[in-house]
Amino acid sequence: MRFNTWRTKLKLTAAGLMTALLLSGCSNMMVFDPKGPIAAEQKDLILITILLCLIIMIPVFALTAFIIFRYRDKPTNKAAYKPNWAQNHLLEAVWWGIPIVIIAILAVITVRGSYELEPSKAIESDKEPLVVQVTALDWKWLFQYPEQNIATVNHLYIPVDRPIRFELTADAPMNSFWIPQLGGQIYTMSGMAMKLHLLAEEPGTYFGSGANFSGKHFADMTFTVNAVSEEEFEAWVQQIDASSPELTIEGYEALAQPGTSETLTFSSFPENLFERTVTKYAAGGHGAHGGHQAHSSSAAEPHSHH
Amino acid sequence: METIDTNVSNFFVTGDPMILGSQVAIAITVLAIGFVLTYFKKWGWLWKEWITTVDHKRIGIMYILCSLLMLFRGGVDALLMRTQLAFPGMEFLNAEHYNEIFTTHGVIMIFFMAMPLMFGLFNIIVPLQIGARDVAFPFLNSLSFWLFFWGAMLFNVSFVIGGSPNAGWLAYPPLSGLQFNPGVGQDFYIWGIQISGIGSLMTGINFIVTILKMRAPGMKLMKMPMFSWSVLSSCLTIIFAFPILTITLFLLFLDRQYGTHFFTLDGGGNPMMYINLIWMWGHPEVYIVVLPAFGIISDVVATFSKKKLFGYTSMVFALMSISIASFFTWAHHFFTMGSGADVNAFFAVTTMIIAIPTGVKIFNWLFTMFRGRIRFTLPMLWVCGFIFCFVAGGMTGVMLSVAPADFQFHNSYFLIAHFHQTLIGGVVFGYFAGFYYWWPKMFGFKLNERLGKWAFWLWNIGFYVCFMPQYVLGLDGMTRRIHTYDFDMGWWELNFVSTIGAFLMGLAFLFQVWQIAYSIKHQEKDTTGDIWDGRTLEWSIPSPAPAYNFAVIPTVSETDDWWETKQKRAEGKLAAQPEPVYEPIHMPKNSGIPFVKSFFWFLLGFGMVWDWTFMWVPGLIGVIGCMIARSFSYDTDYYIPVEEIRRTEAAMKGVTA
């Protein structure tokens, strides 16, 4: 008996603690505090899933607790004991059925969600999307704005209420581009141009990071996203145009060297830099042996240790 | 002189006080063990009784011993990481050191802790459960163990020699390729896993054959204990999955050693191919380790509810369907690779489907307890811990399978919390249930209940304190594998709580070590061989089992045959047992070849890692030489004479009486 009360107390304490933790966290968890339609839909999807899971989990836990309590091996226990009762097709049909139904519902939701929230799908809007080209480097982010012909490192400015079309690649090991409050992540991979459509509905400063481990200074690959009004965005572009240095080819190659970086701004970037970065790794691409001396030469050599 | 210095500092990891401390500790431990063995003249004993043994029970014990040592090392890695993350901006570990530690933590826990603990239980229990005298290929079994052992040694030695791998437990290229990772750490990774992986594959084959061919007469497949069924499903998964791992790592090795371009950035290499391949093995792998846990739970629940397992046929069907379905879900590990909605939707649905048979198993366990009589011994406590933890972990798994939502979970601490919940709550808790359940069968005495309950509660409380905050952290944007974070992220309180939980689990492990040491000293001997009032054949023979397991091979007529026999005996329905008729027992002879051959594999691997032809060529020759030597050894078996069986049985009966 002592054992059981102890157990119950522990469970209650643990449950209380967890609820408190979760409640304290929920109020400001990034994923549950969306600032754009993609993140909002993903949040709804997560909440629906949690609900479906709880529909199964709570009864199962209650049933487990009940059975464990009711059928303890005690001389005074009056509950039925049927040591050979091990088959009941109706009952088994029920618990093959329940998960099948729940999973079927979830599968429908998921398949629809997969198409609706496909990252390469454009967001419907009366405004033309703003294109931002993202390159993951060791260990910093380069953002190019081809329309504005400016570039930044480790920080983004975007206008609110205008869809952003991110085109993403890497000139380094794979990473993943993630702004939790605007929407889910997508890998940045060399030799490929990925697409991710996001939109910010509220002005504000949002946290972004590289989510996929990429080596030594991976933890430094965070960036800020400033969502501002269209006018402020234009003013910001003007200011960079007027006061920032240009990004040259040499400048880019220096930037691409392994190392961390401050936030930087550039008033221009080499023509087709993004396309060249993408194609340089494409199969059989000649660029592989041109642009990036430091990397390609070491890779060609056989393995040796001294 | 200077070049010697440089060479030495390239070879040994130098300059880190923590690693220097470990180097000294390792040297002292090795010397101490050597001294004790010499002083007590135990070298011969070690060689004859253990190193050369082909007895599945002893091999199993060695597996479990190694896995507990590896649990210790992997656990220390975990505590170092949690210490580093307890506060923002900590400088306890630097980035490079942290990267190495999370890599070795993952590799060790999966390859060198979970796998050997699983193989240990396979070895000790399966032959006893199906009424066999050994596994199908005892020599191969010993070879599997020693390959695992030397593979694990090769991996672990990188800690003090050459430097640890640092590209994550699955070593995604290009990060693990030569271009971004020129050191030897990744080579240790490849060779350590390759060598032990061959052992895993052979164990898979061995147990499939054992289960299919060596069951006692009358034990139809559908009368086999559920643990043996789970071993069969796990081993079938092994033989299809492990070759993929071997080939994938071999291609990575070619890239690193011979400049091929399978997974490099340039020259037409495709790192995404590696990610696909490694998860084609990696996802089945998690089912390989969790299926036997399902088997253990089934056996333990039935025994301690004093009731037949509910829905036997469903359970078998569920095991097998999980094992097949596990091969069709791999892409859910990278929904964010941009494969498009078609691919993502397909893999999301296949992943969810696995929840159905898994859910059915939970219900069947609950209804095994229903109308039973539940005894809360240590194994049963672990089953209860398992059910709560694993159900919740499975639910978060279903959440992750929703592809468009996974874009927000992927690579975050939400994912970390989920897979630790299924791997600790499912695999570790399940195996602990088996460990406590079968310990008396292995050693003939019970583990202390009181200390075991302390360990149980500390593990469980520690688990939730450690990992529940991580779900929240993940939803708050904290990504995995970062070695530090800023104060203004607002993550530190939950990280601090999580660290406390990790240390509680560390404390729980110490309680288990204490429990084992205490129980060895104050042995509560089990003289019955059937301490839990068991249901299956392993409980029908004395504990520990004699070398030949069964003096007379039993004939089986029912599921839970031993339980039925006991029932019939109690009801007096069983005719008086005639005096058993013994026949000489055919047994395999011990052999030193597996140990020696695996050691040559180690030399081969170590030489390959350093590109030392003078070492890997002799290693390779040694391996081939051992194969030839074995092919021409004909003196590989012997018979235990009837007289000796009679004496052994009488001696054990004497204890029993």
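Chain A is divided into domain 1, covering 2-72 + 91-116, and domain 2, covering 130-283; these bounds come from an automatic or database domain assignment. This is a predicted model, in which local features need pLDDT of at least 70, side-chain atom pairs count only at pLDDT 80 or more, and totals for chains, interfaces and linings use all residues. Residues are numbered from 1 along each chain as its sequence is written, while chains are lettered from A and ligands numbered from 1 in the order in which they are written.

The contact between the two domains takes 10 residues from domain 1 of chain A and 13 residues from domain 2 of chain A, where contact means that C-beta atoms, placed from the backbone, lie within 7 Å. On the side of domain 1 of chain A, six residues are nonpolar, two polar and two charged. Here Ala, Val, Leu, Ile, Met, Phe, Trp, Tyr, Cys and Pro count as nonpolar, Asp, Glu, Lys and Arg as charged, and the others, Gly among them, as polar.

Let me turn to the sheet. In chain A, six strands form an open, mixed sheet in the order β8-β5-β1-β2-β3-β11. Strands are DSSP runs of E with at least two residues, and helices are runs of H or I with at least four, numbered from the N terminus; two strands pair if DSSP finds at least two bridges between them. Because β8 (194-198) and β11 (264-266) of chain A each have a single partner strand, one side of each is left without a neighbour in the sheet. The twist averages 20 degrees from one strand to the next. Helix α6 (residues 273-280) of chain A packs on this sheet, touching β1, β2 and β5 of chain A, and its direction makes about 45 degrees with that of β5(A). Angles run from 0 to 180 degrees between N-to-C directions, with axes fitted to C-alpha atoms, for helices over the stretch in contact.

Within the sheet, β2 (residues 140-145) and β3 (residues 150-153) of chain A pair in the antiparallel sense over four bridges. Y145(A) stands opposite I150(A) in β3(A).

Next, the contact between the chains. Chain A gives 86 residues and chain B gives 89 residues. The largest share of the chain A side, 14 residues, comes from α3(A). That side divides into 54 nonpolar, 25 polar and seven charged residues.

Finally, confidence. Chain A averages a pLDDT of 88, and 83% of the residues score at least 70; pLDDT is the predictor's confidence in each residue, from 0 to 100. Over residues 285-306 of chain A the pLDDT is below 50. Where pLDDT is low, the predicted coordinates should not be read in detail.
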